[in-house]
Amino acid sequence: HKVFITDCQVSEWVVQECSRSCAGGMRMLRRSITVAPNGGAACPPLQAQEECNVQQCPVDCVLGMWSGWSSCSAKCGGGVRSRSRHIKVPTKHGGEPCG
């Protein structure tokens, strides 16, 4: 009688979701056995891990408190007063810019 020797065959990797959206996460890759081995080559690993989303996290701009108003630029005839605020945290890596 004939004996059929079959090697293990596995599916394509199914990639799971990354554990983080930025600054380096991990994700699992899984696959399943589609043909069980019968005297042939054993199955390769069915699970693996890889790094994902290794880009730096965006940092949104943060502005400080408004300063007090300046004195008027003219005694009469219409002038200008101004105030300002400083940037406490500058925008980085595609975060929201200062408004």
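**Cysteines and their partners**

A: Cys76 is exposed, with a relative accessibility of 65%. Exposed here stands for over 50% relative accessible area, buried for under 20%, and partly exposed for what lies in between, computed with a 1.4 Å probe on protein chains only. The model is predicted, with local features requiring pLDDT of at least 70 and side-chain atom pairs counted only at pLDDT 80 or more, while totals for chains, interfaces and linings use all residues. Residues are numbered from 1 along each chain as its sequence is written, and side-chain values use heavy atoms, leaving out hydrogens and water.

The cysteine pairs come next. A disulfide is a covalent bond between the sulfur atoms of two cysteines; in this model it is assigned to a pair of cysteine sulfur atoms within 2.5 Å. That rule gives four disulfides. With the bonded cysteines of the protein chain numbered in sequence order, the pairing reads 1-4, 2-5, 3-6, 7-8. Cys72 takes part in no disulfide, and the nearest cysteine sulfur to it, that of Cys76, is 9.6 Å away. Cys76 is likewise in no disulfide, its nearest cysteine sulfur being that of Cys72, 9.6 Å away. Cys72 is partly exposed at 41% relative accessibility, whereas Cys76 counts as exposed.

Among the bonded pairs is Cys18 with Cys52, where the S to S distance is 1.9 Å. The torsion about their S-S bond is about 90°, so this disulfide is right-handed. Cys18 is in the loop between strand S2 (14-15) and strand S3 (25-30), and Cys52 is in strand S5 (residues 47-52), so the bond ties together parts that are 34 residues apart in sequence. Strands in this account are DSSP runs of E with at least two residues, numbered from the N terminus.

Another disulfide joins Cys22 to Cys57, with an S to S distance of 1.9 Å. Its torsion about the S-S bond is about 95°, so it is right-handed. Cys22 lies in the loop between S2 and S3, and Cys57 in the loop between S5 and strand S6 (62-63), so parts that are 35 residues apart in sequence are tied together. Cys22 is buried at a relative accessible area of 10%, but Cys57 is partly exposed at 26%.

Cys61 and Cys98 also form a disulfide, with their sulfur atoms 1.6 Å apart. The torsion about the S-S bond is about 80° here, so the disulfide is right-handed. Cys61 is in the loop between S5 and S6 and Cys98 in the segment after strand S7 (87-89), so the pair ties together parts that are 37 residues apart in sequence. Cys61 is buried, with a relative accessible area of 15%, and Cys98 is partly exposed at 31% relative accessibility.

S5, the strand that holds Cys52, also belongs to a sheet. Three strands make up this open sheet, in the order S2-S3-S5, with antiparallel pairing. S2 and S5 are the edge strands, each pairing on one side only. Two strands are taken to pair if DSSP finds at least two bridges between them; S3 and S5 pair in the antiparallel sense over six bridges. Leu29 stands opposite Ala48 in S5.

Charged side chains are the next topic. Side chains of opposite charge can pair when their charged atoms come close. A salt bridge is counted when a side-chain nitrogen of Lys or Arg is within 4 Å of a carboxyl oxygen of Asp or Glu. Searching the whole structure turns up one salt bridge. It is formed by the side chains of Glu50 and Arg27, at 2.7 Å from N to O. Glu50 is in strand S5 and Arg27 in strand S3, 23 residues apart, so distant parts of the chain are linked. Glu50 is partly exposed at 29% relative accessibility, and Arg27 is partly exposed at 27%.

A charge also meets a ring. The charged end of Arg83 sits over the ring of Trp66, 4.4 Å from the ring centre. The rule for this contact is NZ of Lys or CZ of Arg within 6 Å of the ring centre and within 35 degrees of the ring normal.

Methods. Helices (H or I, at least four residues) and strands (E, at least two) are DSSP runs, numbered from the N terminus.
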